[in-house]
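Subject: Structure handover

Hello,

Here is the structure for you to look over. My notes on it follow below.

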Amino acid sequence: MKEKFEKLGFYPADILLPKNAEMEKWAVVACDQFTSQPEYWERVEKTVGDAPSTLRLILPEAKLNDPNVDQHIADINAAMADYLKRDVFKTLTDSLIYIERSQSDGKIRHGLIGMVDLDQYDFTPGSGALIRATEGTVLERIPPRVRVRKDAPIELPHVMLLIDDPDKTVIEPLTAAADSMEKVYDFELMESGGHLKGYQLSDAQIDAVAAALTGLASDEAMEKKYGMKGVAPLLFAVGDGNHSLATAKACYEEAKKNTPESQWAELPSRYALVEVVNNHDDALQFEPIHRVVFGVEAEKVIAAFKEAYPNAYEGQGEGHTIAYTYEGHSGSLTVPDPKVQLAVGTLQSFLDQYLKANGGEVDYIHGDEVTDELGSKPGNIGFKLPAMGKDQLFKTVMADGVLPRKTFSMGHAQDKRYYVEARRIK
């Protein structure tokens, strides 16, 4: 471990990469994508065939409820052991990898692969940890993932952590230096996933990353960015893969029970491989996630909203403005002087209470047109939320603890992380 990283919760790692694999077949998209489109994963299966692939090392969540899921998990663990035994991997020792990911919109997202210390991560709302969840963690989603990870000898990351680096001090200097760095991969991703390049950092570049991250975690940085002095610094906010990181944390906590405390630092399961992205990367876009409520009387929902927020009024104005659509009607509600940072918090707090008292169901929808279409059907009402500005993310987590669930989405499904790197956890 490099001493300069000790107070950052983030370290270089012994990163596993395939030695001779066809990279287009090796890399597959994050397991929690295309869960309602089994045909996507069927096409991936045909593309991969018998070639070495991360498809054999992950469980697509489309299969999570299969009756033979236990056999799937056993096959994954067996494939991991087989790849290790057959020496499929090479190891980049004590390394960080800088990546450039071409997205479906043509923009390039820049990232940094390393590992985080799970002792520095906490998904509890209001936590003062260096690494924090941005949204509420649904505890029921963790045990199925633990079943996949608990006996696995290696991990593959689709976790994406965000840093709030407006001056672009951590990752962007690597972009300028990429032409002189050692390239470790460069290939097209399957299924319209774009293009991916990876570069190994030099020792001097690793030291520069540590220095820049130290600056981001300083008390001066917290005061400058958030107007808060003497607070526990927030260095990393989970952008994608919070439940995967929470699963890694659960497995590590279980390992601690059978390990003397003096040996916890040596547990491979104490750490998890992640990609770090600057919240200010131009390619990173936040898209709102709307709500459609089913099985309700829309007029009563609107009336109850106004009762819950007595100062709310029809139309757009200062405060939190939320558009609505139901059968034959559309409009907006504005809540002035809101008590929370984001409009989604104002709406979700109301919906949670209303549905608990009156029944009905809510679904989380991407896209204005789909929300309007579903909301306009009898017995439904759709609510459209404004996009959260990227500058609001860290400020809201600092002020409110976590965002309401399903606040934002980072890009389209095909632009999510693809599995490439791995790390031993046993």
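In this predicted model, helix α9 crosses helix α10 in a right-handed sense. The two helices, residues 298-308 and residues 343-358, pack at an angle of about 115°, and their axes are 11 Å apart. Angles from 65 to 115 degrees count as roughly perpendicular, and α9 and α10 are therefore roughly perpendicular to each other. On the α9 side the contact is made by K300, V301, A304, F305 and A308; α10 contributes T346, L347, F350 and Y354.

Helix α7 itself covers residues 219-226, and its buried residues are A221, M222, K225 and Y226. Viewed down the axis of α7, these buried residues fall within an arc of 100°, so they line one face of the helix. An α-helix has 3.6 residues a turn, so residues three or four places apart point the same way. E220 and K224 are exposed, on the face of α7 turned away from its buried side. Besides α12 (390-400), the buried residues of α7 pack against α6 (203-216). Just after α7 comes G227, with a positive phi of about 65°.

On the cores: the largest nonpolar core has 93 residues, and F10, L161, Y185, L213 and L245 have the most contacts inside it. Apart from that core lies another, of 42 residues, which includes M160, I302, A312 and F394.

What does L245 contact, leaving aside its neighbours within four places in sequence? The list is V116, L118, Y121, I131, V159, L161, V238, A272 and V274. Of these, L161 is also among the residues with the most contacts inside the largest core.

Is A399 buried or partly exposed? Its relative accessibility is 42%, so A399 counts as partly exposed, the class between under 20% for buried and over 50% for exposed. Not counting residues up to four places away in sequence, A399 touches M228 and Q341. The C-alpha atoms of A399 and D117 are separated by 24 Å, and the two residues are 282 residues apart along the chain.

Regards

Conventions
Residues numbered from 1 in each chain as written. Predicted model: local features only at pLDDT ≥ 70, side-chain atom pairs only at ≥ 80, totals over all residues. Heavy atoms only, no water. Buried < 20%, exposed > 50% of the residue type's maximum accessible area, 1.4 Å probe, protein only. Helix = DSSP H or I, 4+ residues; strand = E, 2+ residues; numbered from the N terminus. Arc of directions from axis to C-beta. Contact = heavy atoms within 4.5 Å. Core = buried A, V, L, I, M, F, W, Y, C linked by side-chain atoms within 4.5 Å. Axes fitted to C-alpha atoms, helices over the stretch in contact; angles between N-to-C directions. Parallel < 35°, antiparallel > 145°, perpendicular 65-115°, else oblique. Left-handed = near helix turned anticlockwise from the far one by under 90°.
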